[in-house]
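Here are a few exercises to work through with the structure open beside you. Try each task before you read its solution.

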Amino acid sequence: MSTGMLKQQLQQKLQQKLSPQQIQLIRLLELPAIELEERIKHELEENPALEEGREIQDDFEKSDDTDFSDEGSVSESETDLALGDYLSEEDIPDYKLQEIRGKAEQKEDIPFSVSQSLNEFLLQQIGLRELPETEMKIAEYIIGNIDDDGYLRRDLEAIADDLIFQAGQEVTIDQVKGVLLVIQDLEPVGVAARNLQECLLIQLEKGNKNSDCQLAIRVLKEYFDEFTRKHYDKIVRGLQVDEESLKKAIHEITSLNPKPGAAWGDSMDTVLSQVIPDFLVEASNGELTLSMNNRGIPEMRINKDYAAMFQDYTGNKANQTSDMRDAVQFVKQKLDSAQWFIDAVRQRQETLTRTMETIIMLQTEFFLTGDEGTLRPMILKDVAERCGYDISTISRVSNSKYVQTNFGIYPLKYFFSESTQTDTGEEISTREVKKILKECIEGEDKRKPLTDEELTKILTEKGYLIARRTVAKYREQLGLPVARLRKEI
């Protein structure tokens, strides 16, 4: 037999499988306060072995027959959500930081949500599409990654990887693309686009099909860069149309909504006035006090009647019938589920508290003064290293969570920013640079707006050594157009 006929194939596949309990614990961690309250209510209604009330140790003693460690409870090693010990004594800040039970109930000025979020609106619509289970999981994950403007900023490949390694869902890029098209068919029109060009095209293609609309589609598909730069003469020559026709097509484009998600919050103030904060941080006499907003989260315990029923069943093993064994299995399943849920909610609260403590430690000056200029550069890794969690855990905690301070309510994402350096080598937050950049543009002469080169020069004179391309990136992140488009006649 020739060696050419011999084929050896070596395939190495790295795969992480998560149990249903682990996945649900991750989902609990991502829930903001109001959604956790609803989740607990649902669990109390669905599981008769779970009830409201303070846990009584004598109610239910775990024995060999009632061991929840294998199925119900979720340990740190299983979830990889708690990596490392608490902060050492050297890391404890000088200010007073403590959790006060029940303090959230005394807060009468905590606002509450009265409107439906964009994500909720999309999930409600996608629920009516009757997608297969796998596609529904993909849809839920995609919707969770849609930002406040209604855009999907993440690559589809990254989303597919997340679903495989974090949620244990075997999916392909083609599946993700197919589900994305379904989401892009939802309201508001243009939602889930990956860039402005796609957003505008979705709106045009779902609109009327008159000649102006058709020309507008051609402009966006073939001459998008020229359109954004207002090089209309090139478009006229390239498409061989007259200026009047182009003017009508441009009117079609400019009447579209570049931010489909904006209707769910026209400003940061509007958004913050409609949320329930998960944390409360109070500054008094130079000290900070942290408390969790647990006013709608009841204490839970195992139902003692169910526990007694299980012990009665297991105490009479010799005389058990087939029906009795089925009953024992049913009761044990409910008890396992109840105990796991109690442990998972407790672990969620602990994880949130530890993460918030670390953020306060790193941003102490801001919580004491409310001065944005005191915010230190801080990324997910900084918090993860200090509180001993995985970076993905910090990301989940930071998403959709808010903190009420003496100076207002802020999303946790507000405290994260990268760093840059001044001419003296001092490390500062990019947020401070963006603030100066925005002030410069707001105060410019609109008849002669500042170019990126001029903005770079101004920042350099102020001591911020930043490249022109970085200035352009910050300007775009602030949602500010180039100088030519800011010019007023």
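**Exercise 1: a pair of charged side chains**

Asp 185 has a relative accessibility of 39%, so Asp 185 counts as partly exposed (buried is under 20% relative accessible area, exposed over 50%, partly exposed in between, with a 1.4 Å probe and protein chains only). This is a predicted model, where local features need pLDDT of at least 70, side-chain atom pairs count only at pLDDT 80 or more, and totals for chains, interfaces and linings use all residues. Residues are numbered from 1 along each chain as its sequence is written, and side-chain values use heavy atoms, leaving out hydrogens and water.

Task: find which residue forms a salt bridge with Asp 185.

Solution. 
- Step 1: recall that a salt bridge is a side-chain nitrogen of Lys or Arg within 4 Å of a carboxyl oxygen of Asp or Glu.
- Step 2: the partner is Lys 206, with the closest N and O atoms 3.4 Å apart.
- Step 3: Lys 206 is partly exposed, at 37% relative accessibility.

**Exercise 2: a network**

Task: name the residues linked with Asp 452 in a network of salt bridges.

Solution. 
- Step 1: the network joins Asp 452 with Glu 453, Arg 468 and Arg 475.
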